[in-house]
Amino acid sequence: MMNKLWRSSSYHICAITCLRLHIRHLSAHQVRLSFLEYFKEHDHTYVPSSSVIPEEDNSVAFVNAGMNQFKPLFLGAKYEEGKFAGLRNVVNWQKCIRVGGKHNDFDDVGRDLTHHTFFEMLGNYSFGGYSKTEACLYAWRFLTDVVRIPADRLYITYFGGDENMKLKEDSECRDIWVKLGVPKNRVLGFCSNHNFWEMAKTGPCGPCTEIHYDLIGNREAQELVNSNDPTVVEIWNIVFMQFSRDISSTIRSLPTLYIDCGMGFERLVSIVQGLQSAYDTDLFLPLMKIIHKYSKVEEYSGGLRDTDTAYRIIADHLRAACIMISDGVEPGSRNRGYHLRRVLRRAALNLSLVLGAERGMLASLVSGFVNHMTLLYDNVAECETVIAKMVMSEEELFWKSYDKGNKLLENNIASQQHVLRGDIAWMLSGTYGLPLAVTQKICNEKGLKVDVDGFHQCLRKFQRTQKAEEEPWQKVDLEEMILNGIKPTNDSDKYGCKRIELGKYEFSSKLGTVMAVFDVNGKNVMTLKSGEVGSVIMDSTVFFAEQGGQLYDKGTLRDNLDNVIFTVNGAKRRSGYVIHTGEVADGQTLERGLNLMQIIDPKQRFSLMCGHTATHILHFALEKAFSASIRQMGSFIGPNKLHFDFFVPDEKFTLEKVEEVMAIVNKIIESNLNVTVKYILQEELGSVHKNFSVFDISQSAAFDGSYRIITIESSELLGQDIVEPCCGTHVSNTGDIGRFVIVGQKSRGANVRRIYAVTNSAALESIRSAAKLEDKLCHALSDFNQTFINTHKLMEEFQKDLPLPSKSSIYQLIKTVKKKNKYISQKLRSSNVNQHIA
């Protein structure tokens, strides 16, 4: 095959140069499809895009590059099961968000014609599957043959060497391009700043070669390559990960060559469609027309006017928001929620202040945006109502906050003489949503400057505070383990348990070896001493690491004399490793290499099993009560309580509905239905249940390409199985749950409700507490003695997790008791007045 590729490439380059063939005119969808099909034909395995929420990687808020989900493979991890098992050559497209951290395009969007906060990366990757020659050849053939980009508009850069790094010129790469037929004067060597890639300060790294495209053509543009000239742009980056840098900055060759090739989808589409900017392509122009319907200015013209800038900001930001929300991000004040809030607020500001639309119109754009985006991102369509409601709710909140911030700004301007303090500008931005640029504009109009340096000091302090709040497991540096070839944790025994009788289980314990020890700051150490807090990675584990909304197991690691060596207070999963966090027992030492028995806390595990199976039943009960498909928006199963978030359009979750849902759930529990587990292939999901949402699938556990399916078997009551993909732990019979009680509910945003509930002994205790409190109140009201009743103590009992249906009647009794106290108080005052007069 290689000889065939070489022969046709040389001929093709000559033909294109002589005949000036035109680029194929393809839609964005066709461009992506042609890329995937090309690499599939060349024996690449297609791996779907991951969510923009990183899986098992806390180093970034969002996935910001195509290679993110493959990071453990690039570090050398070997997988014997799961979606990465056996991968060698891969092709995919990946949703990416760049709004913070090292890669942050937020402030640049709109100001030029190229930047995006949400973009798609087309990628092909090789984990020891092919050489530099094939990587360059695949890229060249795709560009010049498949999409027919003229070869005489392409320039190549490669690593020209670095004396400080003691690395020579990558002459192998240079010679490959020349052999392919690229003119020597178009193969350009550059320093490490341009053509050397590093994952981090330590770890895999290597030279890269890039393909650049001249938007003008018919000229010699060598001097414009890598010069930030907007008419010569990078299309494709091919990274050869052939080295590893250690903590001393020494660079050594890796035993295996890894290849990471990435190409910006939006930029490629603009080139294929013969346009200067992605904002002029069929990816964005329909969005510009939708925005124009609600604006009071002229149409988008593709220029650099303020209105054009606003068009680009709104189109990009709302597009990004649709992707974030459909992948499960909600607006908030921290982390991913904070970034989503920023893009929505900036879009809303530009729509109203620059384009003249009425406030609250951003949500009106959602339907058109979703309809256009669905062809490329099908999961966005099923979230349309959720997105629209969330945008509407966030926009209403923002404008209220914005108006308050404006008033505060006016007051501060009046009290300042020449400069608005940086901490005030930060407060207006962080708390009230006034962007720094808006504050500067208003201050300039009043003759004041803004202390921008002070503002950025506050911002950096805020970022440091968030970083300092990270838990020990988040600080653990796993790269050294991966580079040393330590296999991911084998947690296949985490589901091991045996049902003894109704409500009673025995759980597996297992001997494991301590593979790594980390101190409280995440530093890899040999030992932890008595009382020290840290993290442990074992070769295998029975501990369930927090996943799929279920909290982690707790337990102990013990020696062969049954002494507790390490108390496990939590277990988290990252890059295939299960990180056990906790504290070394008094008088003990935890060392790397120890063989320890792992024992989980059976009470906590059983509570989690009851809660997780109950959430599946709850989801079913909600659909029965509302006679509609209910979209799950999230869940959390803890040992003491669970919560379940769901979207219900235009209906209230009344007390009657609460009682109905509880009755359905408890009826299923009392029916003692079997709960089974099986594994099926992804293509079989549709035959099992046609309404699995993206959320459902994302919560499932994949093993060797299969999905773990939990089924609550059918009965006359159900009329159907309750079937859900799930990675959590479950009881094997619904009767083990004992009892289910809803103890609270609240709004989580537009049409999103959160239910709080308890199961098993906690549910029974909830029922008993309510009955006991009601008896106290009834007794107090039936007592005709003229003595005060301690309502403060009664209210404390009322605030406990009581059944929600009982709370209404109990609260009425408490109000009656308060009235009785008031009556007694008035009577006593009247008696005292009469005595005083007498």
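What share of the contacts in the chain with a separation of 6 or more comes from residues 24 or more positions apart? In this predicted model, such residues account for 72% of those contacts.

Let me continue with the chain as a whole. There are 24 helices and 30 strands. Of the 838 residues in the chain, 53% are buried. The accessible surface amounts to about 38200 Å², and carbon and sulfur atoms contribute 49% of that area.

Phe35 lies in helix α2, which spans residues 28-41. With a relative accessible area of 0%, Phe35 falls under the 20% limit and is therefore buried. Leaving aside residues up to four places away in sequence, the contacts of Phe35 are Val91, Asn92, Leu122, Gly123, Asn124, Phe142, Trp236 and Met263. As for Trp93, 58 residues from Phe35 along the chain, the C-alpha atoms of the two residues are 9.1 Å apart.

My last topic is a pair of helices, α4 and α5. Helix α4 covers residues 132-146 and helix α5 covers residues 171-180. Their axes are 10 Å apart, and the helices pack at an angle of about 40°. That angle lies between 35 and 65 degrees, so α4 and α5 are oblique to each other. The crossing of α4 past α5 is right-handed. On the α4 side, the contact involves Lys132, Thr133, Cys136, Leu137 and Trp140; on the α5 side, the partners are Glu172, Ile176, Trp177 and Leu180.

Methods. Residues numbered from 1 in each chain as written. Predicted model: local features only at pLDDT ≥ 70, side-chain atom pairs only at ≥ 80, totals over all residues. Heavy atoms only, no water. Helix = DSSP H or I, 4+ residues; strand = E, 2+ residues; numbered from the N terminus. Buried < 20%, exposed > 50% of the residue type's maximum accessible area, 1.4 Å probe, protein only. Contact = heavy atoms within 4.5 Å. Axes fitted to C-alpha atoms, helices over the stretch in contact; angles between N-to-C directions. Parallel < 35°, antiparallel > 145°, perpendicular 65-115°, else oblique. Left-handed = near helix turned anticlockwise from the far one by under 90°. Areas by Shrake-Rupley, 256 points an atom, 1.4 Å probe, with all protein chains shown as cover.
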